[in-house]
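Try each one before you read its solution.

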Amino acid sequence: MDKLILVRHSETEGQHEDSPLTKSGVRQAQVLAAFLDNSGYEISRIISSPFLRAIETIKPYAMDKGIEIERDERLEERILSHTPLDDWEEVLYDTFEDPEMKMSGGESSIEAKERALSLIEELEEEQGNIILVTHGNLLALIMQKYKREFGFNEWKRLSRPDIFLVQKQGGEYTVERVWQE
């Protein structure tokens with residue numbers, strides 16, 4: 001692929017897979033669509049987490065361009081635990097420190113990253129520019145493929161939405177945060 005555009009979803013009303021965008025999140029999705037339109041990238045595919053907030057984030061752009069939103073479960077948010085965690089942020093920090101750590105019913109950082117990277121590996125030989133829409137934790141784990149030092153603190157600094165541009169130049173990947181809040 002020529003360019004990989006990684007998008008974190010807009011502001012949402014909750015963490016459930018069917019949680020919709022907030023009113024602010026809907027506006028953010030429209031601003032994101034205008035940003036992508038003005039970027040000059042000719043997009044050949046849009047692949048999104050099947051979660052509603054991810055679909056709603058990219059839908060204004062996809063509809064304007066007439067591009068189908070493909071859904072791929074490998075872009076779903078990483079599950080820390082099947083039971084609610086009051087200290088979920090501390091647990092998340094620990095999973096960045098110990099990528100093999102796994103809570104009951106959850107995924108380790110390694111498992112979640114491998115899941116997402118399996119999709120990216122399939123796309124590497126394709127021509128064109130591809131948008132992947134996902135969630136904050138999984139985006140941070142994907143970023144580690146290109147920037148090893150991307151960890152908990154970088155995750156904390158992600159905005160909603162956020163956009164990173166990944167491209168190969170001279171055999172090396174370059175990563176640039178292109179979203180301007």
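**Exercise 1.** Work out which residues on the other side of helix 3 are exposed, and which residues of helix 3 are buried.

*Solution.* Start with the outside: Glu 90 and Glu 97 are exposed (exposed is over 50% relative accessible area, buried under 20%, partly exposed in between; 1.4 Å probe, protein chains only). This is a predicted model, where local features need pLDDT of at least 70, side-chain atom pairs count only at pLDDT 80 or more, and totals for chains, interfaces and linings use all residues. Residues are numbered from 1 along each chain as its sequence is written, and side-chain values use heavy atoms, leaving out hydrogens and water.

Next, the buried set: in helix 3 (residues 88-97) that's Val 91, Leu 92, Thr 95 and Phe 96 (helices are DSSP runs of H or I, at least four residues, numbered from the N terminus). These cover an arc of only 145° around the axis (taken from the directions from the helix axis to the C-beta atoms), so they sit on the same side of helix 3.

**Exercise 2.** Find what Glu 89 pairs with in a salt bridge.

*Solution.* Its partner is Lys 156, at 2.5 Å, N to O (a salt bridge is a side-chain nitrogen of Lys or Arg within 4 Å of a carboxyl oxygen of Asp or Glu). Now place them: Glu 89 lies in helix 3 and Lys 156 in helix 6, so the pair ties together parts 67 residues apart in sequence. Glu 89 is partly exposed at 29%, and Lys 156 is partly exposed at 47%.

Key
Helix = DSSP H or I, 4+ residues; strand = E, 2+ residues; numbered from the N terminus.
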